[in-house]
Amino acid sequence: MAQAQHELSNSEILAAHEHDEEGNSMFGFIVFLLSESVIFLSFFVGYIVYKTTTVDWLPPGVAGLEVREPAINTVILVSSSFVIYFAERALKNHNVWLFRLFWLLTMAMGSYFLYGQAVEWNSLEFSFTSGTFGGTFYLLTGFHGLHVFTGVMLQLTMLIRSFIPGNYEKGHFGVDATSLFWHFVDVIWIILFLLLYIWQ
């Protein structure tokens with residue numbers, strides 16, 4: 001009896017240690033996202049300052065940005081936040097196949113957003129060197145696009161890991177962190193969409 005209690009207490013201590021380790025990892029990841037937020041915030045402030053102080057803001061021959069296609073891409077990207085939430089819920093309910101389905105759909109939506117951005121870049125009448133507006137536009141959308149690409153790669157990694165037997169026995173940190181990163185990317189894009197496309 002005493003031996004069984006001793007083994008139980010050891011298993012409880014081990015479980016508590018693993019929980020604390022996962023909590024510490026998530027805290028570190030949140031700190032990382034906060035540092036990324038500071039970078040984006042500096043870009044936002046710089047864009048606002050340049051836009052409100054530059055005399056010839058738009059490059060010659062450019063009247064403004066097309067809103068329709070970026071708006072569609074925005075709806076798709078923002079909707080993917082809901083899809084990845086459903087993926088998380090499915091995993092917590094131990095439905096791995098439904099998790100994979102929603103996770104794959106999130107990856108497809110993120111990839112479509114990147115495709116839409118590439119199409120938009122290809123059709124623009126200005127370049128990175130087209131004045132302050134051109135430089136800031138490509139910097140902001142490109143830096144965000146890099147984060148979207150990183151998010152899709154993280155999702156791919158988590159999808160592959162879901163096929164490893166017993167992968168989720170010690171927790172879902174990788175999935176939770178990737179999902180949090182994806183929500184962060186979506187929020188950043190909403191701000192960018194308002195700054196770049198709505199405020200013209």
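Predicted model: local features only at pLDDT ≥ 70, side-chain atom pairs only at ≥ 80, totals over all residues.

Me: Why roll a probe at all?

Reply: Rolling a probe the size of a water molecule over the atoms shows where empty space is left. In this structure there is one cavity of 30 Å³ or more. The largest cavity has a volume of about 40 Å³.

Me: Which residues line the largest cavity?

Reply: Its lining consists of Pro70, Asn73, Phe113, Gly116, Gln117, Glu120, Trp189 and Tyr197. The elements giving two or more residues to that lining are α2 (68–92), α3 (96–123) and α5 (173–198). By class, the lining of the largest cavity splits into four nonpolar, three polar and one charged residue.

Me: Which helix gives the most to that lining?

Reply: That's α3, with four residues. Look at α3 as a whole, then. It has 28 residues and spans 41 Å from its first C-alpha to its last, close to the 40 Å expected at 1.5 Å a residue.

Me: And which residues of α3 are buried?

Reply: For this step you need the cut-off: buried means under 20% relative accessible area. On α3 the buried residues are Phe99, Arg100, Trp103, Thr106, Met107, Met109, Gly110, Phe113, Gly116, Gln117 and Glu120. They pack against α2, α4 (131–161) and α5.

Me: Now the open spaces. What is the volume of the largest pocket?

Reply: A pocket, unlike a cavity, is an open set of points. The largest pocket here has a volume of about 310 Å³. Of the 14 residues lining it, Glu22, Lys170, Gly171, Phe173 and Gly174 lie nearest its centre.

Me: Which helices supply that lining?

Reply: α1 (2–53), α4 and α5 each supply at least two residues. The largest share, four residues, comes from α1. Sorted by class, the lining of the largest pocket has four nonpolar, five polar and five charged residues.

Me: What about the second largest pocket?

Reply: The second largest pocket has a volume of about 270 Å³. It is lined by 16 residues, and those nearest its centre are Glu66, Glu69, Pro70, Glu120 and Ser123. The elements that give two or more residues to this lining are α2 and α3. Here α3 gives the most, with six residues. The lining of the second largest pocket holds eight nonpolar, four polar and four charged residues. Go back to the cavity for a moment: Pro70 and Glu120 are among its lining residues too.

Me: Can we do a single residue? Is histidine 144 buried or exposed?

Reply: Find it in helix α4. Histidine 144 counts as buried because its relative accessibility is 0%. Leaving aside neighbours within four places in sequence, it is in contact with Phe40, Leu77, Phe113, Val185, Ile188, Trp189 and Leu192. Phe113 and Trp189 also belong to the lining of the largest cavity.

Me: Last one: how do I read the overall shape?

Reply: Begin with the elements: the chain has five helices and zero strands. The C-alpha atoms fill a box of roughly 85 × 30 × 20 Å along the principal axes. Of the 200 residues, 38% count as buried. As for contacts between residues at least 6 apart in sequence, 80% join residues at least 24 apart.

Key:
Residues numbered from 1 in each chain as written. Heavy atoms only, no water. 1 Å grid on protein atoms, 1.4 Å probe; cavity = no way out; pocket = protein on both sides within 12 Å on 5 of 7 lines; lining within 4 Å. Points joined across faces, edges and corners; volume = space filled by probe spheres on them. Nonpolar A, V, L, I, M, F, W, Y, C, P; charged D, E, K, R; others polar. Expected span 1.5 Å × (residues − 1). Buried < 20%, exposed > 50% of the residue type's maximum accessible area, 1.4 Å probe, protein only. Contact = heavy atoms within 4.5 Å.
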